[in-house]
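Biologist: I'm new to this one. Can you put it up and walk me through the bonds and contacts between side chains?
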Amino acid sequence: MDIHLLQHIGDMSQLAGITRSEISSGPARGDGIIEVYNAAGLRFRVLESKCLDILDLSYQGINMGFISKNGIAASSSFNALDGEFPYYFIPGMLTTCGLANIGNACFDNGAFRNMHGRISNKQPEYISTDAHWEGSDYILSVSGKMKDSYLYGYNLHLDRKMEVSLYGKHIDIYDQITNVSSVRQPYAVLYHFNFGYPLLDAGAKLVKGPGAMLPRDADAEAGLAVWDQITAPIPQEPERVYYHTNIADETGYCYAGIYNQARKLGAYIQYSANNLPYITQWKSMCAHDYVLGLEPCNSFLRGCAVEQSEKNMRFLEPYETIHNHLRFCIIDGDPSYQALLNIVHSIEDPAK
């Protein structure tokens with residue numbers, strides 16, 4: 001522990017901590033909230049009833065995430081019927097999608113798979129929080145266990161742990177996905193990070209490592225020349241979605257983020273390319289639906305039936321576990337932004 005620091009304070013809650021509370025009114029009444037904050041000015045809230053996803057996040061008082069017109073609602077608002085997704089999607093700073101399907105709703109071997117799957121509306125069976133010293137650093141963590149299962153079908157378990165340190169400007173997310181069944185199972189996962197105002201504003205720019213890019217449709221194709229540029233909100237502007245195949249650096253990680261030059265502030269996601277070979281970009285410059293989604297994933301978003309037919313689906317062997325590590329990092333000022341640019345520009349594209 002840091003004795004010198006401790007001599008300056010009465011309790012660590014002056015600088016960092018975790019608080020748990022319950023929402024007492026509104027559509028999410030009764031849901032649990034876990035709030036995490038540290039001495040660097042990083043503060044975020046985790047929804048207990050929704051896969052321990054991140055509801056909102058700020059850095060030194062500046063909001064970074066996006067909450068849709070639907071507002072904060074309990075997992076009980078979830079409706080798996082086709083077409084219902086836009087009525088309850090929050091999506092907050094992070095929504096985890098999967099584990100049987102991501103993207104379009106579809107039928108898979110006679111079973112309906114709703115848009116973006118069910119895991120984001122699963123309540124953890126176990127939740128734990130912790131704060132402890134590791135040497136001279138103070139580590140805050142939130143963890144839980146969720147499962148996405150189907151009678152006479154798949155049984156996929158998700159174990160999640162999130163960590164942030166005392167002065168850290170990043171959040172580490174450690175996920176384990178396990179096929180708890182005796183047969184080989186397809187699985188899909190997408191980490192739906194969503195950036196909003198005031199971080200997202202005219203003049204901000206998306207930055208990512210090298211790799212191929214595929215527009216999803218004609219609207220995306222029409223915006224290809226400015227795929228990485230952020231404008232002011234535009235009434236009735238169509239959303240534009242791009243699939244990126246990022247190339248990893250020598251450590252096996254890929255990078256994608258956003259930087260607001262005017263505010264000298266941004267954030268990026270670092271994620272392992274081994275299990276997450278793609279990142280989907282959701283660019284919505286539409287007024288009131290003003291958001292940039294950066295979404296590491298293991299398949300495209302055409303629905304699991306199409307992805308399997310195109311042989312673009314990942315599988316887990318019986319009782320196999322895969323490990324995903326993602327890091328959400330604050331970009332604090334031009335030097336931090338330049339450091340990120342140096343990393344992505346150093347990654348060699350074998351296609352060139």
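Modeller: We'll take cysteines first, then salt bridges. This is a predicted model: local features need pLDDT of at least 70, side-chain atom pairs count only at pLDDT 80 or more, and totals for chains, interfaces and linings use all residues. Residues are numbered from 1 along each chain as its sequence is written, and side-chain values use heavy atoms, with hydrogens and water left out.

Biologist: Are C51 and C97 buried or exposed?

Modeller: Buried: C51 has a relative accessible area of 0%, and C97 has 1%. Buried means under 20% relative accessible area, exposed over 50%, and partly exposed in between (1.4 Å probe, protein chains only).

Biologist: Switching topic. How many salt bridges does the search find?

Modeller: 18 across the whole structure. The rule is a side-chain nitrogen of Lys or Arg within 4 Å of a carboxyl oxygen of Asp or Glu.

Biologist: Give me one. What does R20 pair with?

Modeller: E48, with the closest N and O atoms 2.9 Å apart. R20 sits in strand β1 (residues 17-22) and E48 in the loop between β3 (42-47) and β4 (54-59), so the bridge ties together parts 28 residues apart in sequence. Helices (H or I, at least four residues) and strands (E, at least two) are DSSP runs, numbered from the N terminus.

Biologist: Buried or exposed, that pair?

Modeller: R20 is partly exposed at 44%. E48 is buried at 15%.

Biologist: What about D159?

Modeller: D159 bridges to K145, at 2.5 Å between the closest N and O atoms. D159 is in strand β11 (residues 155-165) and K145 in strand β10 (residues 137-149), 14 residues apart. D159 is partly exposed at 24%, and K145 is partly exposed at 39%.

Biologist: Where does K264 find its partner?

Modeller: In helix α5 (residues 334-346), where D334 lies. Their N to O distance is 2.9 Å. K264 is in the loop between β17 (253-260) and β18 (265-272), so this pair joins parts 70 residues apart in sequence.

Biologist: Which residues are linked in a network?

Modeller: D53, R160 and D175, through salt bridges.
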